[in-house]
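Subject: Structure handover and findings

Hello,

Here is the structure we talked about handing over. My notes on it follow below the entry.

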Amino acid sequence: MVAGRSSGDPGDLLPLVFARPQEAVGQARALLAARPEPYAASVAHQVIGIWERDFGDLSAGLRHLRQALRQALRLAAGSGSGNREADVLATLGAAYVHAGRSRQGLATLDRAVARASGVTLARVLFRRAYVYWVLGRHRQALADLRPAIPLLDRAGDVIWTARALTLRATVDLAMGLADRAAADFAAAERLWDATGQEHDKAVAVENRGMAAFRTGDLPAALGHFDEAARRYAKLGTPAFVLAAQRCGVLLAAGLAPEALHEADAAIDLLDRMGGQRTRRAELMLVAARSAEAAGDPKAAAERAAAATRLFSAQDRPWWEAHARLAACQARLTLGEVSGRLLRTATSVAGRLAELGSPEATQGSLVAGRIALALGRSGDAERHLTAAARGRRQGPALNRVDGWAAQALLAESGGRPRAMLEACRRGLDLLDEHRMTLGSSELRARVTAQGAELATLAQREAFRRRDPRRLLVWSERWRAAVLAVPPARPPEDPELVRDLTAFREISSRIAATGGVSVLRREHDRLEREIRARSLRMGGQGGGSGHRLDVPALLDAVGDGRLVEIVALDGRLVVLLCGGGRVRLFEAGRLDDAAGEAAHVRAGLRRMAYQGSAARLALVEEGGRRLERLLLGAAASHLGDGPVVVVPPGLLHGVPWAVLPSLRDRVVSVSPSAGAWLRTRSIGPLGGRVVLVRGPGLASGGSEVPALTSLYGEATVLSGGAASGQAVLQELGGSRIAHIAAHGTFRADSPLFSSLEMDDGPLIVHDLERLRGAPYQLILSSCDSGALEPVGADELLGLAAALLPLGTAGIVASLVPVHDEAVVPLMVALHESLRAGRTLAESLRDARAATTTGPSPTPLALATAWSFTAIGAA
C-alpha cells in the first residue's frame, strides 16, 4: 500500500498519517469541512484522533475518536459490518490506555476483537498487543502477535506486517532477547523499504538504536537516535519514546546531568501539549534514574515516587516494579536504610525476576546492599548470590553489576582473594567495553561504572597496609583514558567543516557582541560537533592499562613520586622512591579541595590586584595545603625531583605554593602509568613553533624574544595564526609555544579553547592531530585547567594531548597577567634551550623572576600559577 490517495478512497488517509502526518491531518480536516457521509467522516475523525493521540493533545484526540466511533456505528447499522467499528474501537482503546484509563482501554479493545474479522481482526490484535506492551504485559502481547503476524503476511498487508514484526522485536528487547529482536527488526526494515511510510521508517531507525543499546554499542545507539530525531523533526512529530530511550543511553554513557536535562525538557513539552500520560510516567522514571546518577538522590526519590503512583494508577505492574526499584536505590543512597526498605526491595527484586526483567540483577543488588547496611548477612548473601548470576550474560554494563555483586558477596563472607578477583574481572570487562567507545569524553565518563570495584580493592589493600598493592589498584582505574588516543579519524571532512564553521561563528560573535542568530548557529554547531564525537566507535580490545611497579621505581630512582589516593573521603599518600613504596595518611579530600580553591582565588586576585596582604594569605594557604595533601610525607621528599600524581579533584592545586615544593623540580601527572609512558616518548623532529594569538595585553611580546633565542623557528602571528595553520605546524614539532588567550569550559571540557586569529581552537581540534608536539608551553590563562569526570579521569586541553604523544606541558591553572608572563616564559625557554626538562626549566624560571630581597606579589603569583605536566 502506498502513502497517498490515488484511489480516492478516504481509507487511504489512514496509512498517510504515519507517512506524511501533517498532510494527512490537513486532508482529514478538509474532508470534514465538506460534511462527508459516515464512512469518510469516521476515517477523517480517526486520522485526526490518531495525530492528536500520538503527537498532540490527547484530550482532543479522544474527542475525535469518539466522533469517529459514532460515525462508524451509524455505518455498521446500515451495512451490518463491524470492521469499521472494530478498527476505530482499537484506536480508541489505545488512546484510553495512554490517557491512564487502562481498564477502559482494554475493555474497548476486547470489544474491537469481538467485532472484527479477517485482516481487520489481525490489525486489532496488533493494537491490543501494542497496548499490552505499553502496560508491560509482555507475554500477553506476544500471545496476540502470534496469530496476527501470519494473518497479515498471508493477506500481503506490508505495512501492518512490518508494524507487527517491529512490535514483537520491541517486546523481545524489553525481555532481554536482543538476538531475536534483531532478526525481526531487520525483516521489518526490508518491508518498510517498499513503502512510503516515512514516520514508520523513522521508528525503524529508532529501533536500530534500541537494539544497539541493548547489545552495549553506545556510539551506534546514539547515531541511530540522532538520525531518527532528524527524521521526526522533518515530519513535525514529537518523539517522546525516543527521548526516553536516548536518556537511557546517556545514562549508560555517564552523561547523567545531560540525561536529566533532556528528560525534564521532554516532560515539560509533553505537559504543555497535553500529551500521553503513559509517556509522562515513563519519562518521570527516566528522570528519577538520571537524578540518582547525577548525585541528587532526594530529587530521584521524589520522581521515582511520582512515577510509581502514575504506573499504579495506570495498572502497569511491569513499569511500577521498575519505578519502585528506582525509589529503593534513591532511599539507600540517602541513607534511609531500614527493615521496611529491605522488605520493599526484596519484594521488588522478586517481582522483577518474575516479570523476566533484565533489571532483576540490579534489583537483587540493591536489596543486597540494603541488607549489608543493616548487617543482615543471611539476606545479603541470598540477594547478592542472585545478583551475581548476572555477571555471566547480558550487555557489558549489566555484567559489571553482576561482578560488583560477586565482589560484595566475597567481601561480606571474609574472602578477600575472591573479592579481588571479582574486582579484577569486573574492571577488565568494563575496560573492554570502554575501548568500544571512540570519544574520549565517553571513555572518561563511563569509568564511573567501575568506581565501586576499584574502591573495594583499594580498601582491602589499605586494610592490609600494603602500599604496593594500594598503588597498583589505585592506578588500575586512574586516568585510564589517557593510555589510548581517541579513535576519531583526523580526515573526517564533515567534522573539519563543522570545526571550521564553529571557529568562524565564534569569531563573528566576539566581533559583534553576539547577535542572536549567530549564537543560535554557534550552539547548533557545538551540539553537532559533540554529537559527532559521541557517535564515534572505538577499536575494541583492552587498553593494557597496568602498572609495572618495579619499572616505576627504577624510573623514579633517587627522586620521589607522590601518588595521592582519595579513599572514603580521606587522603592517603603513597611515596615512591629509593626502591620502595611507603604509605602515609594525610587530610580530608573535601578540605584539601576547598583550600586549593581558596589559594587559586588568591592567585587570581594577586595577578591583577597584587598586594602584600593577599600574598600572606596565599602563603598561609600553601602551608595548610601541604599539611592536608602530604601529611608526614612532606619530610621524606629527599632532595631530588618530585612527581605528584593527585586524584582528579586535586589537579587544580598550584603545587608551587607548597613550601616543601616551592624551590624544587616538580612535575604533575594524571597517573604514575602516564608518567612512565611519557618518559619513553621521544621528539619526532626538531622544529620549534611559536604562535601569537590576538588580543593579548602584552601583544605576545615573548614571541619576538623567543624567535631571537631559537634563531630558526616557525612563527605564526599577525593574522597567520589561523586554527588550521596552527594545527598543521604543531604536528610533530619538538617545542611549541602558544601565547594566546585560553578559556576553560568546566561545563563542556572538550570545548575549552585557545583563541586564534580566526576563532577558538578547541580540544576537538587538537584530538585530530596525527602527531602532537613533544613539548608544549601554553602561556595563556587557565590553559592547564582540567575537569575531573568518571571514576578518576580528566578532560581538558592538557588531557587531550598526552595520549597523542606530547611528553610534557607547561600551562597555567588560573588567569595570569599577560605582561607579567613574558619574563617568566623567556627565562623558561632559556633553560629549556640549555637542555633541561620542562619541570627543571620552570623551576629555574621561577627562581630567575622571583629572586631578590623583595619579589613583587605579581611576579610570585605568576610564577606559582604555572605547572609542569608530564615527564619531558
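Over how many bridges do strand β2 and strand β3 pair, and is the sense parallel or antiparallel? The pairing of β2 (residues 570–577) with β3 (residues 580–588) is antiparallel and runs over seven bridges. Please keep in mind throughout that this is a predicted model.

D568 is not a glycine, yet its phi is positive, at about 55 degrees. Most residues other than glycine have a negative phi.

R465 is another case: its phi is about 55 degrees and positive, although R465 is not a glycine. This residue belongs to the loop between α24 (451–463) and α25 (467–476). R465 counts as partly exposed because its relative accessible area is 44%, which falls between the limits of 20% and 50%.

Overall dimensions

The protein has 38 helices and 16 strands. For 872 residues, a compact globule would have a radius of gyration near 29 Å; the value for the protein is 31 Å, so the two agree. Along the principal axes, the C-alpha atoms fill a box of roughly 110 × 65 × 45 Å. Of the 872 residues, 59% count as buried. Among contacts with a separation of 6 or more, 70% are between residues 24 or more positions apart.

Cores

The largest nonpolar core has 105 residues, and L283 and C423 have the most contacts inside it. Leaving aside residues up to four places away in sequence, C423 touches A407, L453, L456, A457 and W473. There is also a second, separate core of 63 residues, which includes A586, V816, L824 and A863.

Three-stranded sheet

An open sheet of three strands has the order β9-β10-β11, and its pairing is antiparallel. Its edge strands are β9 (742–743) and β11 (759–762), each of which pairs on one side only. Strand β10 (residues 753–756) pairs with β11 over four bridges. One of the bridge pairs joins L754 to L761 in β11. As a general point, strands of a sheet pair through backbone hydrogen bonds.

D765 is found in helix α34 (residues 763–766). Why does D765 count as buried? Its relative accessibility is 1%, and buried means under 20%. Not counting residues up to four places away in sequence, D765 touches L499, R503, L727 and P760.

Helices

Does the end-to-end distance of helix α3 agree or disagree with its number of residues? Helix α3 (residues 38–55) has 18 residues and should span 26 Å at 1.5 Å a residue; its end C-alpha atoms are 25 Å apart, so the distance agrees. Helix α3 is mostly covered, with 16 of its 18 residues buried. At the start of α3, a side-chain oxygen of E37 comes to within 2.8 Å of the backbone nitrogen of Y39.

H138 lies in helix α8 (residues 138–154). With a relative accessible area of 5%, H138 is buried. Its contacts, not counting residues up to four places away in sequence, are W133, V171, A174, M175 and W318.

K298 is in helix α16 (residues 297–313). In contrast to H138, which is buried, K298 counts as exposed because its relative accessibility is 52%, and the limit for exposed is over 50%. The side chain of K298 makes a polar contact with the side chain of E302, at 2.9 Å. K298 and S364 are 66 residues apart in sequence, and their C-alpha atoms are 22 Å apart in space.

That is the end of my notes.

Regards

Technical notes: Residues are numbered from 1 along each chain as its sequence is written. This is a predicted model: local features need pLDDT of at least 70, side-chain atom pairs count only at pLDDT 80 or more; totals for chains, interfaces and linings use all residues. Side-chain values use heavy atoms; hydrogens and water are left out. Helices (H or I, at least four residues) and strands (E, at least two) are DSSP runs, numbered from the N terminus. The expected span of a helix is 1.5 Å times one less than its number of residues. Buried means under 20% relative accessible area, exposed over 50%, partly exposed in between (1.4 Å probe, protein chains only). A polar contact is a pair of N or O atoms within 3.5 Å; within protein, one must be able to donate a hydrogen and the other to accept it, and residues adjacent in sequence count only if both atoms are side-chain atoms. Contact means heavy atoms within 4.5 Å. A nonpolar core is a set of buried Ala, Val, Leu, Ile, Met, Phe, Trp, Tyr and Cys residues joined through side-chain atoms within 4.5 Å. Two strands pair if DSSP finds at least two bridges between them. The radius of gyration is taken over C-alpha atoms; the globule rule is 2.2 Å times the number of residues to the power 0.38.
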